Amino acid sequence: FSASNPPTGGEILVALTLDTEGQNINTLAGDIFIPDSFSPIRILDGNSLIKFWLEPPRLVGRRLTFSGIVPSGFSGAHGELFKFILRGDRTELPRLRIKNLTVLLNDGEGTKTEGRMAWRTAGATPESADLTAPEPFTAVVTRAPDIFDNQWFVAFATQDKQSGIDHYEVVESHFLFGRLSKLDWFQTGSPYRLINQTSRNNIFVRAIDRAGNIRLAKIIRFHWYQSVWLWSIIILLLCGILLGLKKLRFR
């Protein structure tokens, strides 16, 4: 451990780092067990080497669990996975334990290997308010034989450089003139199996960071001019106007 003397009983910023020891890895998962002497405050994963979280860092009781992928692979000595803030006595830090650690090589075969994990600690300092939305991202509709039994799904991912992504929400809709805020958003992760497998609904995905900032991605597959009922109304209105004009001419 290395620390800048955070006060006893104060807030301690803990950064979990990875040394791949010269290897190139693309998958990481594990659990951090937090002693009862600490009070977890919050998690910060905004600047992680992990680009795609299968399970973002989250607390389950006294266990902080995580798993994620680095699609392009990572090799280095000081790769930061995420940070978390605890309140307690820094002399208790050696009691933090990592268990169930899984590290897979970026070799196309998912070969298990070992990486050296370490803590970097310091006294927590007040953070500036996160006023920035998550990074722009694209959602993609696709399907694959080994995912959801070849049913259509939407895949998406982004990052937030400051507070980190809190969750994603999705909605499928023939949204035309209403407001997005009034739609029934469904909290989910990626990939998300589309409820309507036959309709060409528009799909909206929003990423929400831990400060409540929102970034929206949309897939427009249904346009107003494709609506049969809308065209029917337009034709009826035109017929009504033409009929009215004819009546005026023969008066």
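The largest cavity in this structure has a volume of about 30 Å³. Before going on, note that we are looking at a predicted model.

So, the cavity. The structure holds one cavity of 30 Å³ or more. Which residues line the largest cavity? They are I34, P40, I41, R42, I43, L59, L64, F84, I85 and L86. By class, nine of the lining residues are nonpolar, none is polar and one is charged. Two strands, β3 (39–44) and β6, each supply at least two residues of that lining. Strand β3 gives the most, with four residues.

Keep F84 in mind from the lining list, as we now turn to the aromatic residues. Searching the whole structure gives eight aromatic pairs. One of them is W53 with F82, in an edge-to-face arrangement, with 6.3 Å centre to centre and 65° between the planes. This pair links distant parts of the chain: W53 sits in strand β4 (residues 52–60) and F82 in strand β6 (residues 79–87), 29 residues apart.

Are W53 and F82 buried or exposed? W53 has a relative accessible area of 18%, and since buried means under 20%, W53 counts as buried. F82 is buried as well, with a relative accessible area of 0%.

F82 also forms an aromatic pair with F84, and that pair is tilted, at 6.2 Å centre to centre and 45° between the planes. F84 has a relative accessibility of 1% and counts as buried.

Another ring to point out is F33. What lies over the face of F33? That is K99, at 5.3 Å from the ring centre.

Last, a sheet. Three strands form an open sheet in the order β10-β11-β14, and the pairing is antiparallel. Why is one side of β10 and of β14 left without a neighbour in the sheet? Because β10 (140–142) and β14 (192–193) stand at the edges, each having a single partner strand. Strand β11 (residues 153–155) is joined to β14 by two bridges, and these strands run antiparallel. Within that part of the sheet, V154 stands opposite Y192 in β14.

Definitions and conventions. Residues are numbered from 1 along each chain as its sequence is written. This is a predicted model: local features need pLDDT of at least 70, side-chain atom pairs count only at pLDDT 80 or more; totals for chains, interfaces and linings use all residues. Side-chain values use heavy atoms; hydrogens and water are left out. Rings of Phe, Tyr and Trp (its six-membered ring) pair if their centres lie within 6.5 Å; planes under 30 degrees apart count as stacked, over 60 as edge-to-face and the rest as tilted. Buried means under 20% relative accessible area, exposed over 50%, partly exposed in between (1.4 Å probe, protein chains only). A charge sits over a ring if NZ of Lys or CZ of Arg is within 6 Å of the ring centre and within 35 degrees of the ring normal. Two strands pair if DSSP finds at least two bridges between them. On a 1 Å grid over the protein atoms alone, a cavity is a set of points where a 1.4 Å probe fits but cannot get out, and a pocket is an open set with protein on both sides within 12 Å along at least five of seven lines; lining residues have an atom within 4 Å of a point. Grid points are joined across faces, edges and corners, and a volume is the space filled by probe spheres set on the points. Ala, Val, Leu, Ile, Met, Phe, Trp, Tyr, Cys and Pro count as nonpolar, Asp, Glu, Lys and Arg as charged, and the others, Gly among them, as polar.
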